Amino acid sequence: MTIAVTGASGQLGRLVVEELSRAGSTPVAIVRDPGKVADLAERGVDVRGAAYDDPAALSRALDGVDRVLLISGNEFGARVAQHTNVIRAAEHAGVELLAYTSIPGATDNPLILAQEHKGTEAVLAESAVPHVLLRNGWYWENYVGGLAHAVESGVLHGAAGEGRVAGAARADYAEAAARVLTTDGHAGRVYELGGGESLTYAELAQAISEAAGKPVRYENLPEADYAAALIQAGLPQAYAEALADADAGIARGILDVRSGDLEKLLGRPATPAVEVFRAALN
């Protein structure tokens with residue numbers, strides 16, 4: 001069985017390729033720039049070049065593929081069209097299963113980050129390719145970029161109020177995806193994925209404090225103020241506003257995924273936040 005992973009040069013994609021290799025598969029890594037995964041090619045991975053906006057290249061890349069993981073792209077505003085290119089190429093190739101990395105509750109999720117996932121799921125629903133939705137929740141790594149500042153200043157900023165987020169390590173989601181791709185019975189399924197640890201931002205601050213060995217507290221900001229702080233820190237405005245909107249969604253419980261689906265797929269507890277933060281700081 002031939003299994004392909006799109007976006008395989010990204011952080012999640014690389015982890016899925018590694019999981020598939022450990023499981024005894026010889027994965028196909030589909031990337032925009034094969035040079036970025038030369039190390040994977042040297043290890044025997046079948047690397048194929050294709051960008052999400054190149055339908056012809058995608059069709060060539062999926063030739064002979066049985067199952068494919070479509071990892072959502074990062075070009076906001078273009079993702080539905082790009083994902084549709086992959087879906088059409090999968091139809092043309094006759095793949096038996098396409099797994100798509102979506103977002104929790106995509107159908108009704110009001111977050112800015114959810115809208116292109118909702119659009120992609122709608123395309124999949126009308127497509128001929130059998131598919132499974134991996135609605136990935138929040139990665140604990142989403143907070144790693146701000147760890148150094150939080151530890152140095154002693155303050156974790158956000159706009160999540162007392163809302164909870166059920167996160168997990170990126171590697172947990174990668175392992176779950178590999179499990180779905182290498183086992184049967186997943187077509188038509190929707191997996192709402194989140195870790196067993198559901199934390200408020202005050203508790204996230206405590207986890208950072210434990211990992212760093214220094215006191216860190218949480219300071220809640222209004223959504224607009226938090227977006228402005230992210231812009232001041234150097235993030236593009238649209239992305240900063242999407243992250244602040246996600247925090248506001250956390251305040252409303254939108255990313256507090258309690259399905260247990262992730263840990264069922266893993267067959268073990270998801271990785272605690274403190275372990276992710278400790279690894280990032282050391």
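Trainee: What is the relative accessible area of Val80?
Mentor: Val80 has a relative accessible area of 26% and is therefore partly exposed. Buried means under 20% relative accessible area, exposed means over 50%, and partly exposed lies in between, with a 1.4 Å probe and protein chains only.

Trainee: Before we go on, what kind of model is this, and how are residues numbered?
Mentor: This is a predicted model, in which local features need pLDDT of at least 70 and side-chain atom pairs count only at pLDDT 80 or more, whereas totals for chains, interfaces and linings use all residues. Residues are numbered from 1 along each chain as its sequence is written, and side-chain values use heavy atoms, with hydrogens and water left out.

Trainee: Back to Val80, then. Where is it, and what does it touch?
Mentor: Val80 belongs to helix H4. Helices are DSSP runs of H or I with at least four residues, strands are runs of E with at least two, and both are numbered from the N terminus. Not counting residues up to four places away in sequence, Val80 touches Glu116, Gly119, Thr120 and Val123, where contact means heavy atoms within 4.5 Å.

Trainee: And how far is Val80 from Leu98?
Mentor: Their C-alpha atoms are separated by 16 Å, and Val80 and Leu98 are 18 residues apart along the chain.

Trainee: How do H4 and H5 pack?
Mentor: Helix H4 (residues 79–93) and helix H5 (residues 115–125) have axes 9 Å apart, at an angle of about 25°. Axes are lines fitted to C-alpha atoms, for helices over the stretch in contact, and angles run from 0 to 180 degrees between N-to-C directions.

Trainee: Why are they called roughly parallel?
Mentor: H4 and H5 are roughly parallel to each other because angles under 35 degrees count as such, while over 145 is roughly antiparallel, 65 to 115 roughly perpendicular and the rest oblique. Their crossing is right-handed; a crossing is right-handed if the near helix is turned clockwise from the far one by less than a right angle, and left-handed if anticlockwise.

Trainee: Which residues meet there?
Mentor: Arg79, Val80, His83, Thr84, Ile87 and Arg88 in H4 meet Glu116, His117, Gly119, Thr120, Val123 and Leu124 in H5. The residues of this contact of H4 with H5 comprise four nonpolar, five polar and three charged. Here Ala, Val, Leu, Ile, Met, Phe, Trp, Tyr, Cys and Pro count as nonpolar, Asp, Glu, Lys and Arg as charged, and the others, Gly among them, as polar.

Trainee: What about H8 and H12?
Mentor: The axes of helix H8 (residues 201–212) and helix H12 (residues 273–281) cross at roughly 45° and come within 8 Å. H8 and H12 are therefore oblique to each other. In H8, Leu204, Ala207, Ile208, Glu210, Ala211 and Ala212 meet Ala273, Val274, Phe277, Arg278 and Leu281 in H12. The contact of H8 with H12 has nine nonpolar, no polar and two charged residues.

Trainee: New topic: where is Arg67, and is it buried or exposed?
Mentor: Arg67 lies in strand S4 (residues 67–70). It counts as buried, at 6% relative accessibility.

Trainee: Which polar partners does its side chain have?
Mentor: The side chain of Arg67 makes a polar contact of 2.5 Å with the side chain of Asp184, and it reaches the backbone oxygen of Leu181 at 2.9 Å. A polar contact is a pair of N or O atoms within 3.5 Å; within protein, one must be able to donate a hydrogen and the other to accept it, and residues adjacent in sequence count only if both atoms are side-chain atoms.

Trainee: And His186, buried or exposed?
Mentor: His186 counts as buried, at 8% relative accessibility, and lies in the loop between helix H7 (170–182) and strand S9 (190–193). Its side chain is joined to that of Tyr191 by a polar contact of 2.7 Å. Leaving aside residues up to four places away in sequence, His186 touches His131, Val132, Arg179, Val180, Tyr191 and Leu265.

Trainee: Lastly, where does Gly145 lie?
Mentor: Gly145 is in the loop between strand S6 (131–136) and helix H6 (147–153). With a relative accessible area of 79%, Gly145 is exposed. Gly145 and Ala280 are 135 residues apart in sequence and 9.3 Å apart in space, C-alpha to C-alpha.
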